[in-house]
Amino acid sequence: MSRAPAGAVGVLGFDPQAVLLKEPGILIDPHFLGALHSELRGELAPAEADVTLLQMGFLHGLQDAMRAVSTSLGAALPEPQQVVGPSLAFRFRSQVDSEEPGAIALAGFWPEPIEASAYTASLGRSDAHVCYLSAGYASGWLSGALDADILALESSCCACGDDRCRFEAREASAWRQSGDRLALAVLESLPFGAFRAFVRSNLDALGAGARSHEPIEPGSSVVHIWGPVMVVPFQSRDSALNAVELIGRDPAARDVSVVVVDLSGASIDEAFGAAALEQLVDRIEAWGAEAIFAAVSPLSEAAVASLERAPLLVHKDLAEAITAAFQLASAQQNPA
């Protein structure tokens with residue numbers, strides 16, 4: 001990979017907030033990974049595509065690590081715990097041949113070559129290593145967990161015919177001293193301090209938003225509004241539609257950008273009930289907000305799954321839906 005601009009995540013209009021929030025399973029969905037590689041390599045030069053994947057992975061890994069460290073130290077984070085990214089899947093061990101005593105030098109691999117397999121399924125075999133998203137995630141996670149500037153580079157790749165996707169991780173200063181051309185080029189695209197500040201502010205914003213509301217009892221008949229998030233109980237079609245109308249009329253609701261529809265206790269049939277939900281989603285989106293369904297009962301799942309006008313997200317748990325709403329609202333307020 002050659003030199004590339006540091007702001008590659010924004011080359012295609014990616015909102016860094018959306019990169020963090022919309023694809024929490026970014027490393028474990030082969031269909032998404034294959035499509036992402038194909039799209040980036042169709043729109044960008046190879047170096048820019050590599051940097052974009054690296055930065056996306058780094059932001060995910062750094063956020064997961066900083067959230068985990070903050071939780072273990074008892075720091076204030078959104079309650080309930082927000083959706084997290086993939087569980088740590090890579091295996092790293094210290095390199096005994098590290099030149100500097102006390103320096104962080106690790107080597108390891110991903111047990112499942114998900115990114116390499118997704119790449120080859122979409123684009124075929126490669127002459128170069130392709131797991132930049134995985135390398136970025138490992139770099140971000142290790143940087144956040146160890147509170148150091150760590151870069152992980154792929155040393156062998158299944159997409160090239162190797163038996164495993166292996167990585168070497170060292171501190172940025174050690175890579176610079178090594179003079180490794182690839183490492184030096186990659187380091188130019190990883191402003192560690194700026195990325196830390198961005199992820200920290202992202203977590204702080206989500207924490208402030210999620211802590212600003214009191215827990216809602218599922219099935220409550222009360223409409224709740226906390227800044228950009230509104231929770232509407234679906235007691236009946238008319239009551240829910242009337243509540244949504246408040247968004248356009250009530251000054252207290254003018255900043256609402258995400259509406260959580262609480263379906264606790266509701267039994268939605270595939271005829272009139274489904275039509276009512278589609279009308280509700282249409283009304284919410286027409287105003288310019290996003291709809292999230294929460295607490296969908298087993299009896300209502302078929303009707304919700306059949307909707308043509310579907311909500312952005314569906315959560316079985318009301319508290320998780322509210323947390324996701326604050327995450328989405330935060331992303332909306334910080335466009336690229």
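Reader: Where is R176 found?

Author: R176 is found in helix α6, residues 172-178. Helices (H or I, at least four residues) and strands (E, at least two) are DSSP runs, numbered from the N terminus. This is a predicted model, in which local features need pLDDT of at least 70 and side-chain atom pairs count only at pLDDT 80 or more, while totals for chains, interfaces and linings use all residues. Residues are numbered from 1 along each chain as its sequence is written, and side-chain values use heavy atoms, with hydrogens and water left out.

Reader: What is R176 in contact with?

Author: Leaving aside neighbours within four places in sequence, R176 is in contact with L184 and L187. Contact means heavy atoms within 4.5 Å. R176 and L187 are eleven residues apart in sequence, and their C-alpha atoms are 8.5 Å apart in space.

Reader: Back up a bit. How many helices and strands does the chain have?

Author: The chain has twelve helices and nine strands. Of its 336 residues, 48% count as buried. Among the contacts with a separation of 6 or more, 69% are between residues 24 or more positions apart.

Reader: What is the mean pLDDT of the chain?

Author: The mean is 76, and 71% of the residues reach 70 or more. pLDDT is the predictor's confidence in each residue, from 0 to 100.

Reader: Where is confidence lowest, and where is it highest?

Author: Confidence is lowest in helix α1 (residues 16-21), at a mean of 49. Strand β3 (residues 150-156) has the highest, at 94. Over residues 72-88 the pLDDT is below 50, and that stretch has 38 contacts in the model beyond near neighbours in sequence. pLDDT also stays under 50 over residues 10-14, for which the model has twelve contacts beyond four places in sequence. Where pLDDT is low, the predicted coordinates should not be read in detail.

Reader: New topic. Which residues of α2 are buried?

Author: L33, G34, L36, H37 and L40. Seen down the axis of α2, the buried residues fall within an arc of 160 degrees, so they line one face of the helix. The arc is that of the directions from the helix axis to the C-beta atoms. On the other side of α2, H31, G42 and E43 are exposed.

Reader: How many residues does α2 have, and what does it reach end to end?

Author: Helix α2 covers residues 30-43, which is 14 residues, and reaches 20 Å from its first C-alpha to its last. That is close to the 20 Å expected at 1.5 Å a residue. The expected span is 1.5 Å times one less than the number of residues.

Reader: What about α10, which residues are buried there?

Author: In α10 the buried residues are G273, A274, A276, L277, L280, V281 and I284. Viewed down the axis of α10, they fall within an arc of 160 degrees, so they line one face of that helix. F272 and A286 are exposed on the other side. Helix α10 (residues 272-287) has 16 residues and reaches 23 Å from first C-alpha to last, close to the 22 Å expected.

Reader: What comes just after α10?

Author: G288, which takes a positive phi of about 110 degrees.

Reader: Now S143. Where is its place?

Author: S143 is in helix α5, residues 132-146. At 0% relative accessibility, S143 counts as buried. A polar atom of its side chain lies 2.7 Å from the backbone oxygen of S139.

Reader: What else is S143 in contact with?

Author: Beyond its neighbours within four places in sequence, S143 is in contact with F58, L62, A148, D149, I150, F192 and R196.

Reader: Last one. Where is S300 found, and what does it touch?

Author: S300 is found in the loop between β8 (290-294) and α11 (301-305). S300 is buried, with a relative accessible area of 1%. Not counting residues up to four places away in sequence, S300 touches A266, S267 and I268.

Terms used. Buried < 20%, exposed > 50% of the residue type's maximum accessible area, 1.4 Å probe, protein only. Polar contact = N/O pair within 3.5 Å; in protein donor to acceptor, adjacent residues only side chain to side chain.
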